[in-house]
Amino acid sequence: MRARRLRAGWVFPVAGPPIRRGAVLLDEHGTIIAVGPADTVPLPPGVPDQDFPGGVLFPGLINTHTHLELTGFDTAEPDAPFADWIRGVRAFKNRRQPADFHAAACRGLAECHGSGVTTIADTGDSGSVIAALADLGGRGIYYQEVFGPHPDQWAESLLGLQERIAELSRFTSQQVRLGVSPHAPYSVSGPLYHATARWARETGWPMAVHIAESADESALLADATGRFAEQWARRGLPMPPPGRSPVEWLDENGVLGPATLCIHVVRAHAGDIARLAERGAAVAHCPLSNQRHGHGNAPLRALLDAGIRVGIGTDSVASVGRLDLLAEARAARELAGLTAAQTLAMLTTGGAAALGIADQVGELRPGLAGDCAVWELPNTESADAPVLLESWLAGAGKVVATWIGGREVYRQ
């Protein structure tokens with residue numbers, strides 16, 4: 001890979017104030033070595049100088065929750081009761097072949113790159129997304145799911161997870177990481193949560209878990225009622241001990257910690273939020289999926305005020321149709337009363353912090369990876385930075401080019 005310099009009408013480093021007629025210099029390893037006004041950023045001999053005078057250069061966006069193996073499979077009915085919808089998604093996936101999932105994952109990842117997203121955090125069970133990340137030069141973390149609601153099957157489920165992780169490890173690299181995902185309280189027993197969390201801590205795998213998402217999930221743990229409890233009863237599954245919130249249930253089983261990404265966290269009371277903050281867990285906030293399934297709004301403002309690391313995610317096409325991270329950001333902004341700058345931060349530095357990779361991506365500053373994207377926006381050369389940022393957040397722009405580690409992965 002060659003070194004390169006990127007120039008644009010505006011550069012939004014996030015690490016500092018916006019720069020009119022700015023530039024970013026990347027070395028041959030794709031690492032940022034200089035950011036600033038174009039006339040101050042050097043151009044070494046022989047280094048290509050790409051100029052986008054009508055463009056705005058941002059750090060690559062970070063999507064903290066996806067299911068890219070479902071790309072194009074948006075046939076589920078998100079308006080159905082959530083427990084029934086989950087069963088429908090599982091049945092739908094069981095009818096698909098591995099090649100279907102790989103093609104879907106590659107398509108989904110390419111669409112992410114075409115929308116300026118350079119890092120994803122994906123959960124799934126087919127393994128297709130980590131293969132797609134490796135094949136397409138993407139950046140992200142793939143959390144391999146594990147299931148097992150019966151307490152007696154925890155050892156078998158854990159062994160299957162360990163074997164799957166060993167198999168998928170061949171795809172890992174500096175850009176591609178692997179983690180584990182004990183799926184959700186309605187699909188994972190307490191013993192399996194505990195065993196998975198212990199193994200993850202011992203081996204250093206990060207964790208992601210869907211938690212506190214629906215009323216039926218909370219009812220299952222509170223008093224063994226609701227649709228999930230009804231499904232468990234029909235299958236003869238022993239109910240979990242009553243009287244706990246989903247967050248409390250995770251904590252009792254050792255799941256919460258700095259390497260844990262809690263997905264959704266819609267139904268969390270003040271005590272839950274304090275517990276998440278105390279354990280150092282992060283949150284992936286997916287407002288449009290939460291709304292589409294009728295779960296309600298997550299306590300985003302309270303999560304942020306508690307100092308919890310929060311990134312924004314899209315969830316799956318089966319939940320929201322087209323994945324649109326900026327639309328999610330607009331919903332989060334309205335929900336928590338965020339400024340434009342705070343919203344941009346959630347899409348970049350916030351997502352990087354939530355995934356534990358703030359030392360690699362999320363800003364345009366020397367020493368970080370050259371993950372960035374150029375958007376073409378109206379009146380770039382005449383508008384000031386606040387107006388451009390508002391226009392960008394409103395979805396008025398289109399992506400011209402995207403780079404990951406200095407390598408171009410998308411060009412309009």
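Student: Let's start with the rings. How many aromatic pairs are there?

Tutor: Ten aromatic pairs are counted in this predicted model. A pair of aromatic rings is described by the distance of the centres and the angle of the planes. Take Phe58 and Trp392: their ring centres are 4.1 Å apart and the planes meet at 20°, so this pair is stacked.

Student: Where do Phe58 and Trp392 sit along the chain?

Tutor: Phe58 belongs to strand S4 (residues 49–59), while Trp392 belongs to helix H15 (residues 385–393), so the pair ties together parts that are 334 residues apart in sequence.

Student: Is Phe58 buried or exposed? And Trp392, buried or exposed?

Tutor: Phe58 has 0% relative accessibility, so it counts as buried. Trp392 is also at 0% and counts as buried.

Student: What kind of pair do Phe82 and Tyr186 form?

Tutor: Phe82 and Tyr186 are edge-to-face, with 6.3 Å from centre to centre and 85° between the planes. This pair, too, links distant parts of the chain, 104 residues apart. Phe82 is in helix H1 (residues 82–94), and Tyr186 is in the loop between strand S8 (176–182) and helix H5 (190–203). Phe82 is buried, at a relative accessible area of 5%, and Tyr186 is buried at 6%.

Student: Which residues form an aromatic cluster?

Tutor: One cluster is made of Trp10, Phe12, Phe58, Trp375 and Trp392.

Student: Which residue lies over the face of Phe147?

Tutor: That is Arg90, at 4.5 Å from the ring centre of Phe147.

Student: Which element gives the most to the lining of the largest pocket?

Tutor: H1 does, with eight residues. The elements that give two or more residues are H1 and helix H7 (227–235). By class, the lining has eleven nonpolar, ten polar and nine charged residues.

Student: And how much space lies in the second largest pocket?

Tutor: About 480 Å³. Of its 26 lining residues, Glu111, Ser115, Arg322, Leu323 and Asp324 are the closest to the centre. At least two lining residues come from each of strand S5 (61–66), helix H2 (98–114), helix H13 (325–336) and strand S14 (398–404). H2 supplies the largest share, five residues. Here the classes divide into nine nonpolar, ten polar and seven charged.

Student: Now the backbone. Which residue has a positive phi of about 70° although it is not a glycine?

Tutor: Val14. Look for it in the loop between strand S1 (4–11) and strand S2 (19–26). Val14 is partly exposed, with a relative accessible area of 24%. Asp315 is another non-glycine with a positive phi, of about 65°. Asp315 lies in the loop between strand S12 (310–312) and helix H12 (317–320), and at 4% relative accessibility it counts as buried.

Student: To finish, how many helices and strands are there in the protein chain?

Tutor: The chain has 15 helices and 15 strands. Its C-alpha atoms fill a box of roughly 70 × 45 × 40 Å along the principal axes. For 412 residues, a compact globule would have a radius of gyration near 22 Å, and the chain's 21 Å agrees with that. Of the 412 residues, 58% count as buried.

Definitions and conventions
Residues numbered from 1 in each chain as written. Predicted model: local features only at pLDDT ≥ 70, side-chain atom pairs only at ≥ 80, totals over all residues. Heavy atoms only, no water. Phe/Tyr/Trp six-rings, centres within 6.5 Å; stacked < 30°, edge-to-face > 60°. Helix = DSSP H or I, 4+ residues; strand = E, 2+ residues; numbered from the N terminus. Buried < 20%, exposed > 50% of the residue type's maximum accessible area, 1.4 Å probe, protein only. Lys NZ or Arg CZ within 6 Å of the ring centre and 35° of its normal. Rg over C-alpha atoms; globule rule 2.2 N^0.38 Å. Nonpolar A, V, L, I, M, F, W, Y, C, P; charged D, E, K, R; others polar. 1 Å grid on protein atoms, 1.4 Å probe; cavity = no way out; pocket = protein on both sides within 12 Å on 5 of 7 lines; lining within 4 Å. Points joined across faces, edges and corners; volume = space filled by probe spheres on them.
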